[in-house]
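The sequence and the structure are shown first, and the description follows.

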Amino acid sequence: DPVSNALISVWKKPTTSESYRAFYTAVLENIGQYKTACYASDIYQQGLIDSESRYWLQNELFPKAYRAGLRKIATVTPGDVFSKFYIDSIQNGIMFNSLDMECNYFHDLITAQAWLLEKEIPA
């Protein structure tokens, strides 16, 4: 999205562990290529993510994304117990790795994009 300088993804169906990792590897490459500090993901249809893939996202991908310039993550979620668990794992990974990244959670993509535009991105 050129307006918010954000990468945006919308999951259309549940994913496998292999597809999940391949997808986020591509997101990481795009963060570096487009020099974007913001990422929004609509996970309504993402499905359950296994613990190994969550660990990989938290401890391998997030530090690399941070070094590539990612500073804000907006997640669009249905707010059910499974999504809450996934979101908690994202926040724990960011805190555990001492990454200076902002995360926020929304019920729709428009509100998520507005938040990405809301304030200046930390350097």
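In this predicted model, 14 residues line the largest cavity, and Tyr24, Tyr39, Leu57, Phe62 and Ile73 lie nearest its centre. The volume of the largest cavity is about 130 Å³. Helices α1, α2 and α3 and strands β2 and β3 are the elements that each give two or more residues to the lining of the largest cavity. The count of cavities of 30 Å³ or more comes to one.

The strands come next. Strand β3 covers residues 72–76, and five of its five residues are buried, so β3 is largely enclosed by the rest of the structure. In a regular strand, side chains alternate between the two faces of the sheet. From β3, Lys72, Ala74 and Val76 point one way, whereas Ile73 and Thr75 point the other way, and all are buried.

Strand β2 (residues 38–42) is joined to β3 by five bridges, and the two run parallel.

Arginine 71 lies over the face of tyrosine 66. The table lists the distance from the ring centre in each case.

| Charged residue | Aromatic residue | Distance from ring centre |
|---|---|---|
| Arginine 71 | Tyrosine 66 | 3.8 Å |

The model holds seven aromatic pairs. One of them is formed by tryptophan 11 and tyrosine 24, which are tilted at 45° between the planes and 6.2 Å apart from centre to centre. This pair links distant parts of the chain, 13 residues apart: tryptophan 11 belongs to the loop between β1 (6–10) and α1 (17–34), and tyrosine 24 to helix α1. Tryptophan 11 has a relative accessible area of 10% and is therefore buried, the limit being under 20%. Tyrosine 24 is also buried, at 5% relative accessibility.

Tyrosine 20 is buried, with a relative accessible area of 1%. Ring pairs link Trp11, Tyr20, Phe23, Tyr24 and Tyr39 into a cluster. Among the residues of this cluster, Tyr24 and Tyr39 are also listed with those nearest the centre of the largest cavity.

The open space of the model remains to be described. The largest pocket holds about 210 Å³ of space. Of the 14 residues that line this pocket, Gly47, Leu48, Phe82, Ser83 and Tyr86 are the closest to its centre. Helix α3 gives the largest share of the pocket lining, with four residues. Helix α3 also contributes two or more residues to the lining of the largest cavity.

How values were computed
Residues are numbered from 1 along each chain as its sequence is written. This is a predicted model: local features need pLDDT of at least 70, side-chain atom pairs count only at pLDDT 80 or more; totals for chains, interfaces and linings use all residues. Side-chain values use heavy atoms; hydrogens and water are left out. Rings of Phe, Tyr and Trp (its six-membered ring) pair if their centres lie within 6.5 Å; planes under 30 degrees apart count as stacked, over 60 as edge-to-face and the rest as tilted. Buried means under 20% relative accessible area, exposed over 50%, partly exposed in between (1.4 Å probe, protein chains only). A charge sits over a ring if NZ of Lys or CZ of Arg is within 6 Å of the ring centre and within 35 degrees of the ring normal. Two strands pair if DSSP finds at least two bridges between them. On a 1 Å grid over the protein atoms alone, a cavity is a set of points where a 1.4 Å probe fits but cannot get out, and a pocket is an open set with protein on both sides within 12 Å along at least five of seven lines; lining residues have an atom within 4 Å of a point. Grid points are joined across faces, edges and corners, and a volume is the space filled by probe spheres set on the points.
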